Amino acid sequence: SSGINAEYGTVLQQLSSATSRNHFKMKLVILLSLIAVAMSVDGGWSSWTAWSGCSNKCGYGTHKRSRSCTNPAPTNWGKYCSGSSIEDQRCYETSGCAGPHGLRICFQETEGSSQCQGNRHSCSGWSSHPAWTAGFRDDTDKRGGGCNYRWSIEQNLPSKNREYRVCFRETEGSSQCQGARNTCTGWSNAPNWSAGFRDDTDKRSGGCNYSWKIEERVNTGNSIPKLCRVCFRETEGSSQCQGSRYSCSGWSNGAWTAGFRDDTDKRGGGCNYSWRLECNNMW
C-alpha cells in the first residue's frame with residue numbers, strides 16, 4: 001500500500017544515515033518486517049466437507065462437517081480465517097431401529113351400551129408393518145343406547161422419506177352398512193377424505209363391524225419425518241348423529257379427536273362417516 005511504501009522509503013533513508021551498528025540492525029529488522037507485511041496473504045476457507053453420518057442410527061443425533069483455512073493458507077503474517085472450522089447439525093435416522101415403527105391409529109368407544117360390542121379400545125399395527133385394529137361392532141338389532149367414538153394417532157420413530165394414509169373397513173355387511181365398506185384416505189402429501197361410509201339404522205336390524213389401519217409408502221421428497229393427525233367428519237346430520245361431527249386428533253401425540261356419538265335409541269336416519277390424514281414436518 002502507499003502507506004507501507006512511504007514507511008519503507010523512510011526506513012531506507014534511516015538505514016543510509018544510521019549512526020551505529022545497533023541502530024542499523026534495528027532499522028533493518030523494521031525494513032524486513034515491512035517487506036513481509038507487503039507480501040502477506042490472508043487465509044481463505046476451503047469448501048465444506050460432506051456431512052458425517054448421524055451419531056445415532058435410531059432417533060435424533062448430530063452430524064458434522066468441516067472446512068480448513070487453506071484456500072489460500074495465510075502466509076507472511078496474513079490473517080487467519082474468521083469463523084468456525086466445524087459445523088454441527090441435528091440429524092435423525094431410523095436405519096438402526098429394531099422392530100416395527102412409524103405411526104399407528106387408535107380407536108376408542110366410551111359409551112359402553114349393549115349396542116357397542118367387540119374391542120372398544122384398540123390400536124392398529126405400526127405403519128412399517130401395517131395391521132388392522134381389532135374389530136368394533138355397532139349392533140342396533142333390538143338394542144337402544146348409543147356408541148361414542150374417537151380416534152388418535154401415535155408415533156414411534158417415524159422414518160424419513162415416507163408418506164401415510166388411513167384405511168377403514170367394515171366386515172359385517174348387513175343392510176345397515178352402506179356406502180364404501182373398504183376405503184382409504186389420500187396419501188398425506190395430497191390429503192383428502194376417504195369415501196363415505198353410511199351406518200343406517202332406520203328400520204334395519206343387523207350391525208356394522210369396523211376397523212382401521214395406517215399405511216406408509218416411500219416418498220423421497222419427504223426428507224424430514226412427519227407428525228400426523230387424523231380428522232373425522234359426519235355429513236348426514238340426522239338426530240342419530242350427535243356430538244362433534246367434525247374434529248381432528250392431536251399431532252402424533254395420542255390426543256383424541258372430540259367424541260362423536262351414534263345414538264339409535266328410538267331414532268331413525270343414519271350417519272355418514274369419513275376420515276382424513278394430515279401431516280406436517282417434525283421440525
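Cys-271 counts as buried, at 0% relative accessibility (buried: under 20% relative accessible area, 1.4 Å probe, protein chains only). The model is predicted: local features need pLDDT of at least 70 and side-chain atom pairs pLDDT 80 or more, while totals for chains, interfaces and linings use all residues. Numbering runs from 1 along each chain as its sequence is written, and side-chain values use heavy atoms, without hydrogens and water.

The partner of Cys-271 is Cys-241. Their sulfur atoms lie 2.2 Å apart and form a disulfide (cysteine sulfur atoms within 2.5 Å). The link of Cys-241 and Cys-271 is left-handed, with -120 degrees about the S-S bond. Cys-241 belongs to strand 14 (residues 241–243) and Cys-271 to strand 17 (residues 270–281), so the pair ties together parts 30 residues apart in sequence. Strands (E, at least two residues) and helices (H or I, at least four) are DSSP runs numbered from the N terminus. Cys-241 also counts as buried, at 8% relative accessibility.

The structure holds ten disulfides. One of them joins Cys-54 to Cys-91, with 2.1 Å between the sulfur atoms. The link of Cys-54 and Cys-91 is right-handed, with 90 degrees about the S-S bond.

Cys-69 is buried, with a relative accessible area of 6%. Cys-81 counts as buried as well, at 9% relative accessibility.

The volume of the largest pocket is about 150 Å³ (the space filled by probe spheres on the grid points). A pocket is an open set of points on a 1 Å grid where a 1.4 Å probe fits, with protein on both sides within 12 Å along at least five of seven lines; lining residues have an atom within 4 Å of a point. By class, the lining divides into five nonpolar, three polar and three charged residues (Ala, Val, Leu, Ile, Met, Phe, Trp, Tyr, Cys and Pro nonpolar; Asp, Glu, Lys and Arg charged; the others polar).

Strand 17, which holds Cys-271, is part of an open sheet of five strands. The order of this sheet is 9-11-17-13-15, with antiparallel pairing (at least two DSSP bridges between strands). Strand 9 (177–179) and strand 15 (246–248) are the edge strands, and each pairs on one side only. Neighbouring strands of the sheet are turned by 25 degrees against each other on average, direction ignored (axes fitted to C-alpha atoms, angles from 0 to 180 degrees between N-to-C directions). Strand 11 (residues 197–200) and strand 17 run antiparallel. Four bridges join strand 11 to strand 17. Asp-200 stands opposite Gly-270 in strand 17.

Key. Buried < 20%, exposed > 50% of the residue type's maximum accessible area, 1.4 Å probe, protein only.
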